[in-house]
Structure formats: structure tokens, C-alpha cells
Amino acid sequence: MSSGPEADFARSCVPSITSSGHRAALLTEDGVRIEAAYTPRRPMIPGPAPHTRAARDGLAIVLAHGFTGALERPALRRAAAAFSQHADVITFSFRGHGGSGGRSTVGDREVLDLAAAVRWARSLGHRRVATVGFSMGGSVVLRHAALHGRPAPLYGQGAHEERTGAYADTVVSVSAPARWYYRGTAPMRRVHWAVTRPAGRLVSRLGLRTRIHSEDWDPVPLSPTEAAPLISPTPLLLVHGDRDPYFPLDHPRMLMSAADPSSTELWIEPGFGHAENAADAELLARIAGWITRQAAPAG
């Protein structure tokens with residue numbers, strides 16, 4: 001869907017974006033309303049306010065949080081602040097999380113939520129969009145990149161797709177699983193209890209503001225490892241910690257083995273734990289630096 005309610009809504013909000021940012025409600029392709037926020041670039045070096053239309057023509061980074069995260073969670077806000085030193089940033093809450101509607105499908109239909117956020121970034125004027133996902137969000141950015149490749153111009157529609165398309169120009173997946181139904185660690189066994197048991201879903205809803213769909217996947221979505229080879233030639237960065245309590249190092253290595261080595265990098269981070277909650281300022285800055293180098297004009 002290259003245009004539609006969410007794109008029209010986003011375009012109507014362009015004049016109101018200021019140096020303090022903007023909130024929006026985005027409508028996904030399947031009709032779920034998603035809360036989103038726009039944070040303009042705030043570089044460390046003082047300079048002119050970066051919220052003009054010309055500034056928005058450049059790079060935007062869209063952040064996809066982990067399971068039970070949300071737009072207002074401190075870890076995601078900290079990540080957004082770090083990335084906003086390098087580019088404009090869009091954050092949002094996946095379906096079933098925070099103030100968004102619907103119920104979580106734990107990485108399946110969340111691809112539609114990310115697509116709505118990317119379309120919003122393009123409708124605001126950004127010609128280059130990077131997606132950065134953490135944990136569940138890390139699996140979502142991989143599947144999103146595989147399913148929403150850069151469109152080929154067709155009958156003069158290429159320019160329109162450049163402005164409104166849901167594709168990512170650069171992808172970063174942090175602490176992502178390589179395969180579904182993994183129960184090899186105690187934290188993942190707790191996650192499966194929260195997702196598959198009525199009592200677990202009740203605890204998630206009341207304690208974590210995460211509303212989980214009760215039905216099993218049907219069909220089972222493309223796995224992260226199956227998605228990885230479909231992303232090329234889009235630049236892909238895989239980031240994983242050697243102290244990740246959820247997914248051991250065979251997960252990033254499986255993803256790297258499946259991906260195209262000519263367009264993919266793997267960083268194994270010593271001492272790093274899991275996802276946005278464990279990502280410190282130094283790691284976030286290095287990821288942002290990698291993204292901006294990928295976004296730099298050739299030559």
C-alpha cells in the first residue's frame with residue numbers, strides 16, 4: 001500500500017513538526033492503530049534547528065522495540081535520544097504494546113506496524129530510512145526487509161514509491177532470534193509461558209501492558225534465518241552480545257551464515273546482554289555511525 005490513511009494522515013502533519021517533535025497515530029494495512037513519535041535530530045554540536053523540510057529530506061532511523069517494550073519505555077527513549085544525535089528518529093509501539101491497538105502476534109503481523117512507521121518517515125520527506133530492531137523487533141526488521149524490498153520503477157511510478165514506500169535502505173538487527181519456538185534458555189521458557197498460557201497472557205496484560213493474541217500462528221511466518229538471504233543488496237548489520245541471556249551465539253552465527261556476506265556485517269559484542277535494555281551509549285553511537293556511513297552518498 002504505497003498510499004492510504006496512514007500516509008495521508010502523516011502528510012497532513014508535516015507542517016506541525018517542530019524541534020520538540022510530534023506524536024501521531026498510524027493505521028496499518030490491516031487496520032490496527034499504532035502510536036508513533038517523531039524526534040528531530042539533536043546533534044551534540046550546537047547549530048541551526050534541524051526541523052526544516054530540507055533537514056527531513058535526509059536520513060531517518062525507525063526503532064523497533066523488543067517484546068513488552070513500548071514507545072514510552074525508558075530503554076527505547078534512551079536509544080531514541082542516542083540515535084537523534086545523528087539523524088531524525090521515529091519510535092512506535094508495536095500492536096498490543098503501550099498505547100497501540102490490537103494484540104501482539106509476537107513478531108508475525110508486527111511487520112505491518114513497522115511498514116506503517118517507515119511509510120510515515122517517507123511521507124515526512126525522508127529519502128533514506130534505516131530500521132533498527134531489538135530482540136523481537138530485530139526479527140521484525142529482518143522479515144520486513146525481506147518482504148518489502150526496494151521497488152523497481154514501473155510505468156513512471158518510481159518517484160512516488162521513493163517518497164511513500166515501506167522499504168528500508170539500511171537494516172540493523174540487535175539481539176534477534178534466528179529461529180522460532182526457541183526454548184533453550186530460562187528467560188525464553190518464561191516468554192513462552194507468557195505467550196502460550198492464559199495465566200501468562202493475563203500477567204503480561206496487567207503487569208507489562210502487553211496484550212497478546214491467544215491464537216497460534218497459522219501459517220508460521222518466514223523465520224529470521226529464512227529472511228536473511230532475501231535482504232541483499234540492502235546493507236545489513238547483525239549485533240549480538242556474548243552475554244545474551246535469551247539467545248546464545250549460535251543465533252547470530254546462523255543469521256550471518258544465511259545472509260549475503262557481501263552486504264552483511266556481524267558484530268559480536270563482548271559483555272553485551274540483551275536488546276535495548278542492555279545497549280549502552282557507546283554501542284548505540286557505533287551503530288548510528290555505521291548507519292550514517294551506509295547512508296552517505298557514493299563517491
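Author: The protein chain contains 12 helices and 8 strands. The model is a predicted one. Of the 299 residues in the protein chain, 54% are buried. The accessible surface of the chain is about 12900 Å², and carbon and sulfur atoms account for 55% of that area. Among contacts between residues at least 6 apart in sequence, 77% join residues at least 24 apart.

Serine 104 counts as buried because its relative accessibility is 1%, and the cut-off for burial is under 20%. Leaving aside residues up to four places away in sequence, serine 104 touches Arg95, Gly96, His97 and Glu110, together with Phe67, Arg211, Ile212 and His213. For phenylalanine 67, the separation from serine 104 is 37 residues in sequence, while the C-alpha to C-alpha distance is 8.7 Å. The side chain of serine 104 also has a polar atom 3.0 Å from the backbone nitrogen of valine 106.

For context elsewhere in the chain, strand 1 (residues 22-27) and strand 2 (residues 33-39) run antiparallel and are joined by 6 bridges. One of the pairings sets leucine 26 against isoleucine 34 in strand 2. These two strands form a hairpin with 5 residues between them, and glycine 31 in the turn has a positive phi of about 85°.

Definitions and conventions. Residues are numbered from 1 along each chain as its sequence is written. This is a predicted model: local features need pLDDT of at least 70, side-chain atom pairs count only at pLDDT 80 or more; totals for chains, interfaces and linings use all residues. Side-chain values use heavy atoms; hydrogens and water are left out. Helices (H or I, at least four residues) and strands (E, at least two) are DSSP runs, numbered from the N terminus. Buried means under 20% relative accessible area, exposed over 50%, partly exposed in between (1.4 Å probe, protein chains only). Contact means heavy atoms within 4.5 Å. Accessible areas come from the Shrake-Rupley method with a 1.4 Å probe; for residues, only the protein chains shown count as cover. Two strands pair if DSSP finds at least two bridges between them. A polar contact is a pair of N or O atoms within 3.5 Å; within protein, one must be able to donate a hydrogen and the other to accept it, and residues adjacent in sequence count only if both atoms are side-chain atoms.
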